[in-house]
Amino acid sequence: MFYKDERLALFIDGSNLYAAARALGFDIDYKLLRAEFMRRGKLLRAFYYTAMLENDEYSPIRPLVDWLNYNGFSMVTKPAKEYTDSQGRRKVKGNMDIELTVDAMELAPRVDHIVLFSGDGDFRPLVESLQRQGVRVSVVSTIRSQPPMISDELRRQADNFIELDDLKDVIGRPPAIRIPTAKTATRKRAEALSPLLDHRSCPTRISGV
């Protein structure tokens with residue numbers, strides 16, 4: 001489903017891809033990911049979307065964001081919003097669907113193929129619109145986790161479904177061992193707020209991460 005001469009763009013829903021890889025028991029090596037899709041076509045852009053806890057002393061995804069920013073990825077971030085739900089639990093809201101959708105629609109006239117790294121069914125209308133503009137859309141997620149990470153409607157709409165587990169040997173690496181540091185308490189607080197903010201799987205090992 002990939003052609004060497006087609007213009008290609010990657011749109012990575014950071015929290016969704018992280019959750020899918022974690023469910024399959026591996027970390028994403030983003031250097032290998034970018035290299036793999038450069039091999040498959042003419043890669044124009046690789047976008048990565050994530051919300052961040054800006055006010056904390058320690059941000060668990062800052063090392064990954066910094067690495068991606070210096071290594072060929074177009075970073076799209078926004079502050080995550082903390083709130084307390086009806087049961088008094090602290091939650092974090094950081095949906096990036098609108099930002100990803102706007103960017104994909106703007107880039108559509110300049111690409112032949114978009115690869116969406118997400119299983120979120122809310123993206124089905126976006127995929128349908130891109131297809132009407134003549135853009136082929138591949139979706140990367142997994143049906144091998146319990147429960148499956150991709151919605152059935154998104155999988156049906158995509159031109160091509162790529163099982164993330166099949167890419168494990170190409171773009172994956174074993175989960176990193178977390179070494180306790182002086183920042184452990186702050187880190188645990190950030191992780192407790194929301195799994196979507198627990199991104200630390202960057203290709204380069206960074207001290208204290």
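Visitor: Hi! Is Tyr48 buried or exposed?

Guide: Hello! In this predicted model, Tyr48 is buried, with a relative accessible area of 0%.

Visitor: Which ring does Tyr48 pair with?

Guide: Tyr48 pairs with Tyr30, and their ring centres are 5.6 Å apart. The planes meet at 85°, so the pair is edge-to-face. Tyr30 is in helix α2 while Tyr48 is in strand β3, so this pair ties together parts 18 residues apart in sequence.

Visitor: And Tyr30, buried or exposed?

Guide: Tyr30 counts as buried, because its relative accessibility is 1% and the cut-off for buried is under 20%.

Visitor: How many aromatic pairs turn up in the whole structure?

Guide: The search finds 7 aromatic pairs. One of them is Phe11 with Tyr49, which is stacked because the planes are at 15°, with centres 6.3 Å apart. Phe11 belongs to strand β1 (residues 7-13) and Tyr49 to strand β3 (residues 42-52), so this pair ties together parts that are 38 residues apart in sequence. Both Phe11 and Tyr49 are buried.

Visitor: New topic, charges! What does Arg40 form a salt bridge with?

Guide: With Glu36, where the closest N and O atoms are 2.8 Å apart. Side chains of opposite charge can pair when their charged atoms come close. Arg40 and Glu36 both lie in helix α2 (residues 30-40), 4 residues apart, or about one turn of the helix.

Visitor: Are those two buried or exposed?

Guide: Arg40 counts as buried at 18% relative accessibility, and Glu36 is buried as well, at 10%.

Visitor: How many salt bridges are there by this rule?

Guide: The count comes to 11 salt bridges. Among them, Asp66 pairs with Arg62, the closest N and O atoms being 3.3 Å apart. Those two sit 4 residues apart in helix α3 (residues 62-70), about one helical turn. Asp66 is partly exposed at 33% relative accessibility, and Arg62 is partly exposed at 33% too.

Visitor: What about Arg124 and Glu128? What do their side chains do?

Guide: They meet in a salt bridge, 3.1 Å from N to O. Arg124 and Glu128 are 4 residues apart in helix α5 (residues 124-132), about one helical turn. Arg124 is partly exposed at 23% relative accessibility, and so is Glu128 at 29%.

Notes
Residues are numbered from 1 along each chain as its sequence is written. This is a predicted model: local features need pLDDT of at least 70, side-chain atom pairs count only at pLDDT 80 or more; totals for chains, interfaces and linings use all residues. Side-chain values use heavy atoms; hydrogens and water are left out. A salt bridge is a side-chain nitrogen of Lys or Arg within 4 Å of a carboxyl oxygen of Asp or Glu. Buried means under 20% relative accessible area, exposed over 50%, partly exposed in between (1.4 Å probe, protein chains only). Rings of Phe, Tyr and Trp (its six-membered ring) pair if their centres lie within 6.5 Å; planes under 30 degrees apart count as stacked, over 60 as edge-to-face and the rest as tilted.
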